[in-house]
Amino acid sequence: MSLIDLLALLPVLILAFGGTAILMVGAWYREPRPLLAGGIATALIGAVAAGMVPPPSLEIAGLFSAGGYARFFTILWALLAAAGLMVATRYIMEKRLGAGEYVSLVLYAAAGMALLSSATHLLGLFLALETFTLAFYILIASNRRCEMAAEAGLKYLLMGAVATGFMAFGIALIYASSGTLALPDAALRMTAAAGGLQPWGLLGWGLVLIAVGFKISLAPFHLWTPDVYQGAPAPVGGLLATGSKGAVVAALVGMLSLAGPVWHDLVDLLWLLAAVTMLAGALGALGQKNLKRLLAYSSVTHMGTLLVGLLCQNTEGLAATTFYVVVYAITSLGAFAVIASLADQRGEPMAFDEWRGLGYRHPVRSAVLVLILLSLAGLPGTAGFMAKFAVFQAALQSGYLGLVLIGVFASVVSFAFYLRVAMLLFQPEAPAVQRHAGTAPEHAVVAVCTAAVLVFGLFPGILFDLIGRLLP
Amino acid sequence: MSTLATLPQFPWLSLLVLLPLAGALLCLLHSGRPAECRALALATSLAVFGVALYLFIYHGQGDGRWLLYEDSAWISRYGIRYVLAMDGIALLMVLLTAFMQLAAILLAWRVERQVAGFFALLLLLEAGLMGIFLAYDLVFFYLFWEVALIPMFFLISVWGGANRRRAALKFFLYTLVGSFCMLVAMIALYQIHGAQTGVYTFVIGELLHTQLTAAQEGWLFAGFLAAFIVKSPLVPFHTWLTDALTEAPAAGSLDLTGLLLKTGIYGLIRLAFPLFPNATAHFLPILGVLALVGLFHAAWSAYHQDDIKRLLAYSSISHLGLVVLGLAAWQLTAWEGSLLLMVTHGITTGALFILVALIRERTATRSMQELGGLWGQVPCLAFFFLFFSLASLGLPGLANFAGEILVLLGTFRAHPVWAVAALLGVVFAAAYMLRLVQGVIWGPARSERTLPDLTLREWLMLLPMALLVVWLGLYPAPFLAPLHGTVAVLLAGGLP
Amino acid sequence: MNDSLLFLIPLLPLFCAVINLLFGMRLPRLFAEVMAVTGVAGAFALTLLFWGHAEGDGSRAVLFTWLNSGTVDISFALNFDRLAAPMTLMVTGVATLIHLYAVGYMHEDDDYARFFALLNLFVFAMLAIVLADNLLVLFLGWEGVGLCSYGLIGFWYRKLENAKAGTKAFLVTRVGDVFLGIALLWLFALTGTLSINAINAQAAAISPGVVIVLSLLLLLGACGKSAQVPLMTWLADAMAGPTPVSALIHAATMVTAGVYLLCRFFPLVSLSAVAMTAITAIGAVTAIYAATCAMAQREIKRVLAYSTMSQVGYMFMAVGAGTVAGAMFHLLTHAFFKALLFMAAGCVIHLAGDENDIFKMGGLARRGPVELFWAFLAGAVCLAGLPLTGGFFSKDGILLALFTHPDPLYRVFWLIGVVTALLTAFYTFRLVYLVFAGDYRGTGHPHALPLLMRWPLWPLALLGLAGGLFNLPVFVGGGEALHHWYGTMAGREVAASHDVEWMLIGLAAAIAAAGWLAAHWRYRGYRPPLENPVSRFLLSGWQADALVDRLFVRPFTSMARFCSAGCDRALLDGTLDGLARLVSSWGRMLVQLTTGRLTTYLSAFAWGFLVLLGWFLLKLVNGGGH
Amino acid sequence: MMIPFGHALAFAAALFILGLTCVLLRRQILMILIGVEIMLNAASLVFVAASAYWRQVDGQVFVILLMAITAAEVAVALAMVVYLWRRKRTLVADEFNGMHG
């Protein structure tokens, strides 16, 4: 690896080495505040580095890209990590967790996600994916005093391990059929591959799809999602819902923009997956009595909708998908941040009973939560609407009317369950108990997310233009 | 596009939308101080009314072109523009909205719970309605179309009656299904137009001349129709309205019946008809029959109600059936009648909803079985009740009659049978309205308690409405004047 | 004088009505009363003042444009012509007297402001009908009188029955209004105008079939307002209102509006023989129907109500027989004597201690002031058609017109008219005997009669008795003044030989005498009312209410129940709820997959894998096929 | 001489299925993890075989890294197993079903 490569990799290196440094310091110095501040600073520096330091080459060791697209997501995930840490501060201190470990794991995860979003090689993809997945295994179960966290950790771990198996085998088959792991070629050569091997390659892509399906919770690989969301603490859940899914999707978008044709063969499968996922998520959320589980199912629907965008196989669809990912990440993070900011010694408010009438105790955050939920549902004026609009637009352009109609149905159902929560929050008869007032960093994250939801909702042009320039 | 677009002018239309929005934000900032919120809301809606009145007086004369037009780039990626445009019809609806909103604010004066939220939602609703009436870009229109639902949803679900949550969800989801159908149709139209001309735009005026096959046009029209018919609402898509109106708080019912319902019909006029002229031509007979069915069905159903609010909800549906019938006749006079009737219905039924709220405040009931004899107890209130009931049943000289007779005169020329049937409906209107009056204000007094008659605030709400009802009934010309040109253009299949 | 000042005639009562409505309760009682009387009396005076404007083609006044849209251009316009002028004079004149009477009648009631406001408003609306230049203004008045009638019938609203009677009146007349409305729309579509004169002028150009239908529609509209068969059921119940109301609205003016409408459109209606026959037939049926009902009634005002229907039936027959002058003549005399009868009946009820039942009266000639008896008797002889009274001449004119009509069918109508006259004489004197003869049978305490309730009877009595002078037939030396006044509007010239005329007059006199004698024989001494099926049948107005109830009201209410409960609640809401339940049951089924057990999740993974494999194999097979 | 590539693939596929079957049928967390290891090994096998087939080194590099990752994963997994055992005194996967629905 040359110096140029290292320089190009600088943002990720900052995250990784910063994480390591904080881990080491944390071994001796157990005061959480400075460690967290250091972590946040590291993440921010990483983001700044990704934004400010122009990469000397657009390609790193043939594994990763350092192009605008990759850098954009690097910034996004680094910022997300910073936000995740800000939200986690109180959690770490109240639960007396090892701050060093926590911070370093989040930074590692961010590094992994950044790498994943910039992978141009199946090896890089695999490595990056495993990096942040491993971090999440630990993060989810990090609170050793919590029964649910342990259970969630176990479920995510075992499922993740099986997914890794599928992923590895899938990549192996792709390699076997195409003879390369570099991304455009691995897909492109498949069509040209010797007749006997081509089906293996296709199967390989299918297996990769299953693994990806697990990561981004496509039905029927989504069953772990509600349990893990519920069990994981909200700060981790926020990262899990946004970063880990977003990074995978970002990688998919990158892969697709490089290697279109292979998807052609997978279209019917993806169509089915998208349809089933949208429906399963929406319908599953309908009967939920727990906000975090509801968010889990809602993320399933969203991933189904994303898949519709991916299915379009054109720049329109990819741009829409990218927009969707960014918006979804921000919105979702906002939701988890609100939940985390309300957590107190009773834990996080989760069951609907705990939310009932909370709007009268904490009007601002409840209103923000309603706004975020409406954005998730896709109310015009919020970012969520523009995202859905873009995806449906692209899908209609590509002739997926059926999917759009299913998506519309899912959206209607989504509105039903989001609005039920909104009503719950402002239900007048039963004022809820006072929850935590939240800390400044939490409020800051919530505020930024809210602002982003509105700004990207009313002036989506900013983000669209950026994406248009970045898409490879 | 109009040449007006190039002229520099004060952005009155944006002001109409932004003023209430700003008022809503200010209200939220003053939460916890009810008196200030009330004053703020009142001041805002007065200002909006002032602007609307100014526009009516100084920009109300037109020969069918846009009276005002604002245009600037917004989301260029999808050719979505920030276009606000006002023609005669929009002007009338804006005026009605501003006027009714004043009444709604006054009516909400006595709300005690979460005052800031209530007024903020009312003002947000006003902003949404203004946007619906003024937006001239499909996506921009859709934005307001949906945004207006949210405040109403919360008004119902938080401040409503016993079954409020169910009603609110039903209201929202029902209309949402329609809206989504419209959204899909909008995007499809956008793409078809873009593919044909290479110009990807959502501006309504530019989409006007898209070449569509019969099947395409039919499906797209159906998509738009789904949204507007549910909102109007035409039977059999009306059950959300009866529930929502019954459960909504007083000011919510007022806005819902007086304004929100009009958006459906307005959408038909502004979007569905001009965009899909051929499909419209095919569909008009069906629309007429649907309208008639609605007129009768609602009138009959109204007769069977005991809850006076529900009765009024049905009466609204019945009246809107007549409005739609006028549109279906596709006749200048009928259209102008329909539009006038939209306004007058808003005022008369709105006033009745106000009165129901006042009665409810005094007697704590809305059941006709428990009411009666109010004339002896609260004569002024009862007088207004009688007055607006008579206006509602179409007594000549009062507002509704002017609209109704124009609808009928116009409709008869095109479809005599429809007009005759609609006239028969008038008997039923009298039947349920008189049953209502009989149940509420005549008969022996139901309680010994002395009830307070109208207060100054209540007079302030009702008296202007009553005067307006008389004015519109006897001399609607100023309100018809802005319509002549616009309607003629619309009937010819164009837009200003 | 400026023609547009004509508007003062209707607007003066309107102005007073509004003042009374707004401020009546805050001002001294005297002020309200003076306001009310002034409004009507002023209108009367103005009518006299403007009388000259009616000559020739009359005068037209336009106030301002009411509706203006496309080809529709309708103004508030009045037309004061030869047909309208006498009617205006009668309406304002009778109304003035009745208002004066009402001041006395209401002097113990606290709700006087509403009463006088409505009464004045009524006069305004009635004048709008009479003076209307176009159909829409006429319709305004048409509905306006209906409204006032509604408000005044239910004036004592605390008794729900009164309010219900008002509602019934409004609804039944509204049914008639629908037909008038259809005619209005159709006429506009045909002629492009709503001006009555213009329509009449163009009437000849309308195809005959359409004319028949239009005429029948107008007839049905008239039936509603004038309580003719089949829309007659409301009038008897309308007697629940205060007596001045019955006198003004339900005897003298509003119920004759239908006749006036037909006269207004006579040029149109007379084009169709079928329609004319229908009008006559309706009139004849109503006349005999109402007369039979009146014979069995027990309440004094109901007797008079049925007699009103019967007499209006005569007027319809007159129109049908083609003589507008005859119809208007009877309309005027009837207005005088029937108002008189009602007002006198009001006095009677006062004296009998608010007792309505004539079987619980008796002997009132001695108990009350004797002048009351004479006033009542004056009205009664007019109604019964005793020779030389106004009613005699006007009724005889109608019978003559029927008799001389070229169509032989009209002889049947004439016969019905003669029989009705007999019945009329009988029930009129039945009433007189039961009320005034014999001993007092009631228990009520008489109220004092204010002076204002007594003296307005005299001018009316005079007008009623001498009313024949207005249109005295030529053969008895009269000049047929009214007929000549109407000129071209008078309708068919009724021509018959003097022999026939004398024969008919003799017959009429004989019939009136026969009716009186029969009543004298039956009721000279008091006998309790008959209780047999026939009398019950007649008492209930031939069970018309029950019939309407069964034919219309009950189907309507069950339809309403079906629409609301069956269709909306059960069907539509049921479907929606079912859909919602269905979707959420899918949700529940799906959620059941999330068992919480890892093995389930892993097997879901495996199922997904299997589907993939299946799809893959399918692809392979298909791909191999190519 | 080389083993035909097809044979290697078939064997690896069989191994993968075996591993998957193990994952699906066993209830013990440890056994499931072992199943996963078998699946990963099947992948490694394919990589090695393909590497030989395409005469490239990429596949072998992947195998090495795969081993490393597997090791890391196993480390985390075993720590988790110990932790779970301490909490609940059982390692049957289905016993951990506190959250569902």
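## Where chains B and C meet

In this predicted model, 43 residues of chain B are in contact with 43 residues of chain C. On the chain B side, six helices each put in at least two residues: α12 (277-303), α14 (332-363), α15 (374-377), α17 (399-414), α18 (416-440) and α20 (477-491). The biggest giver is α18(B), with 10 residues.

## Where chains C and D meet

Now for the contact between chains C and D. Here 10 residues come from chain C and 12 residues from chain D. Which helix of chain C gives the most to this contact? That's α26 (residues 598-625), which supplies 5 residues of the side of chain C that touches chain D. Sorted by class, that side of chain C has 4 nonpolar, 5 polar and 1 charged residues.

## Chain C as a whole

Chain C has 26 helices and 2 strands. Its C-alpha trace spans about 120 × 60 × 55 Å along the principal axes. Of its 626 residues, 58% count as buried. Take the contacts in chain C with a separation of 6 or more: residues 24 or more positions apart account for 82% of them.

The chain splits into four pieces: domain 1 (1-271), domain 2 (286-530), domain 3 (543-593) and domain 4 (596-626). How far apart are the C-alpha centres of domain 2 and domain 4 of chain C? They lie 100 Å apart.

## The hairpin in chain C

Strands β1 (residues 59-69) and β2 (residues 72-80) of chain C run antiparallel, joined by 8 bridges. Looking at individual pairs, Arg60(C) has Asn79(C) as its bridge partner in β2(C), while Asn68(C) sits opposite Asp73(C) in β2(C). The hairpin has 2 residues between its strands, and Gly70(C) takes a positive phi near 60° in it.

Why is β2(C) said to be largely enclosed by the rest of the structure? It comes down to burial: 7 of the 9 residues of β2(C) are buried, so this strand is largely enclosed.

## A closer look at Gly322(C)

Gly322(C) belongs to the loop between α14 (300-321) and α15 (324-351) of chain C. Is this glycine buried or exposed? Gly322(C) is buried, because 26 other C-beta atoms lie within 10 Å, and the cut-off for burial is 20 or more.

What does Gly322(C) touch, leaving aside residues up to four places away in sequence? Its contacts are Ser270(C), Met276(C), Ala401(C), Gly491(C) and Arg492(C). As for Ser226(C), 96 residues away from Gly322(C) along the chain, the C-alpha atoms of the two are separated by 18 Å.

How values were computed. Residues are numbered from 1 along each chain as its sequence is written. Chains are lettered from A and ligands numbered from 1 in the order in which they are written. This is a predicted model: local features need pLDDT of at least 70, side-chain atom pairs count only at pLDDT 80 or more; totals for chains, interfaces and linings use all residues. Two residues are in contact if their C-beta atoms, placed from the backbone, lie within 7 Å. Helices (H or I, at least four residues) and strands (E, at least two) are DSSP runs, numbered from the N terminus. Domain bounds come from an automatic or database domain assignment. Ala, Val, Leu, Ile, Met, Phe, Trp, Tyr, Cys and Pro count as nonpolar, Asp, Glu, Lys and Arg as charged, and the others, Gly among them, as polar. Two strands pair if DSSP finds at least two bridges between them. A residue is buried if 20 or more other C-beta atoms lie within 10 Å of its own, exposed if 12 or fewer, and partly exposed in between; C-beta atoms are placed from the backbone.
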